[in-house]
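Work through the exercises below with the model open. Try each task before reading its solution.

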Amino acid sequence: MQRRDARGRAGGGSIPANQDIMGLLNKLFGGGTQLELKLDIDKIPPGGTVAGSLTLTGGKKPLKLTALKVDIVSVLVQSKEGSSLPSIDVKVLSSNIVAQDRDLAPGSLNKFEFRYKLPEDVKPEATYKIVASADIPGVKDPSAEAPLTVLGGGRGVLGAVKSLLGMADNENAVLERFPGLTSRDTDELESALSDLQCEAYDRDNNFTGIGGFLLRLVEKHSEEGVRRAALAAWGTVLDNRAKPEHIRALETLASRDLPGYLMEEVVSVAAKFAEEGALPLVQQLARHPAPEVRTRLATALYLDADADLPGRRDLIVQLCQDGDVGVRAAAFGATASMVEDLELMRWVAACASQDPSPEVQGQCISAIALAHNYGGTDLVFDTYLQHAQGNPSADVRKEITERVHWLPTDPRLTQLVSTLLSDRSSEVRRSMAWQGCNMEEHQELGQLFLATATNDPDDEVRADALRGVDKFMPLPDAVAFLRQRLAQDRNEKAFWAALNAVEGHMPAREAKALLQEIARGPFSSAAERAREVLAGE
């Protein structure tokens, strides 16, 4: 059994010819930049957490990463009555900015991690994929994608019966089903552990009989990756099925001087087992002397613990008052999972003004962003306006820019966006200008973005505002505006922004005409990309 990476390459084997070609094209036309995507687990249940890492390789010269984005995309194909052609429904379930405005040194390796929850109502019969893309002016934007399987498409009769009876496959049966678990090849063993964990998310599968085997791997295997994967699989296999002996085994692990990577998994498993009896351990971990452990616990209470766990809210609030900045930041981030609790959100908003750390303030700002859906519209607008107008940290003000596209139509939204587009920091203005791409539902804001594209003193801010002009006017008018700006802003950033604004409208006549002009323009990288888009119409 060969382990495959997110691009489908088999470890230890040759790369298929078509991927050789793609790699060559990326080297020829991508400015040397590459984006690799790796999912921690590629099979998860509805409501589960999609987690993974992105590795962005710098190009042949210093570059600027404008935005690194991760989308969760579903494709549902269904037969259509009265038609031989099926209906195809493509949806972006979640679009998330992982990083913005970073310098990329030549040849550098830049790693980013992400964790996002799937909606509870996703349909297992659809096809899913994770799509990552990096916006890098001056080179072809690198991208990567990985397939995602949503579990729960159906209950097998045998599995359903065994689940109802509480029957578990014994150790031998599980080893027969996942033969890679006995492999001496580390990659094959880790792959089998990943497959076991994925299958264990389907509650029709009861693999608790393999628990002892997994703990032996944790105790005795020499490879860090295997030990961590085995402990993670153990926690998933026993999630909602943990017994007192499993809690005792976890407590024993937690009491030892474990390597940091294993202690992180112990914390996550403890959060999973909290409802089955590990709550006292979770409470102990909340007072652990290592801030890294407390930070991990705050995140685990968000992502791994049951939302209805008694005492969960109190634990998160306790960690929000921790003496360590990193712990507080993670804990305030976790309060986003309780955004419907308006009393708590009022407290979080107050802490955004009281905590001295900009990192914590930013997490508070982020946590309350969706409170307007639960009666907190005034709270969100009042808090955001207060910090947009008076917070001394540009990072905090920038955090607001990344949340405003979620807000409802309201006169205060216009005031907020206007304030951020006139911020004293060009980085804040850039971030707000870029968000015009996401605000087409707010046509009342169009003139603000157009004015920024015309009048801002920073050419990067003007360029980022140009990217979204097609959201606020018909395409012919947008193209006319872009031509006018390119005549004034004869710089590469503006040409790239105009290209980004119209390439999604191909093969419309106006878009094609502007791309042809850019293809003949003075900036080789933008011209090259325009020719690629025109060739692919």
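Predicted model: local features only at pLDDT ≥ 70, side-chain atom pairs only at ≥ 80, totals over all residues.

Residues are numbered from 1 along each chain as its sequence is written, and side-chain values use heavy atoms, with hydrogens and water left out.

**Exercise 1.** Describe how helix α11 packs against helix α12.

*Solution.* 
- Step 1: locate the pair. α11 covers residues 312-320 and α12 covers residues 325-334. Helices here are DSSP runs of H or I, at least four residues, numbered from the N terminus.
- Step 2: get the geometry. Two packed helices are described by the angle between their axes and the distance between the axes. The axes of α11 and α12 come within 7 Å and cross at roughly 145 degrees. Angles run from 0 to 180 degrees between N-to-C directions, with axes fitted to C-alpha atoms over the stretch in contact.
- Step 3: list the contacts (heavy atoms within 4.5 Å). Ile 316, Leu 319 and Cys 320 of α11 meet Val 327, Arg 328, Ala 331, Phe 332 and Ala 334 of α12.
- Step 4: sort them. Seven are nonpolar, none is polar and one is charged. Arg counts as charged, and Ala, Val, Leu, Ile, Phe and Cys are among the nonpolar types.

**Exercise 2.** Is Ser 525 buried or exposed, and what does Ser 525 contact?

*Solution.* 
- Step 1: Helix α24 (residues 524-535) holds Ser 525.
- Step 2: check burial. Ser 525 has a relative accessible area of 14%, so Ser 525 is buried (under 20%, with exposed over 50% and partly exposed in between, using a 1.4 Å probe and protein chains only).
- Step 3: find partners. Leaving aside neighbours within four places in sequence, Ser 525 is in contact with Gly 138, Glu 492 and Trp 496.

Key
Helix = DSSP H or I, 4+ residues; strand = E, 2+ residues; numbered from the N terminus.
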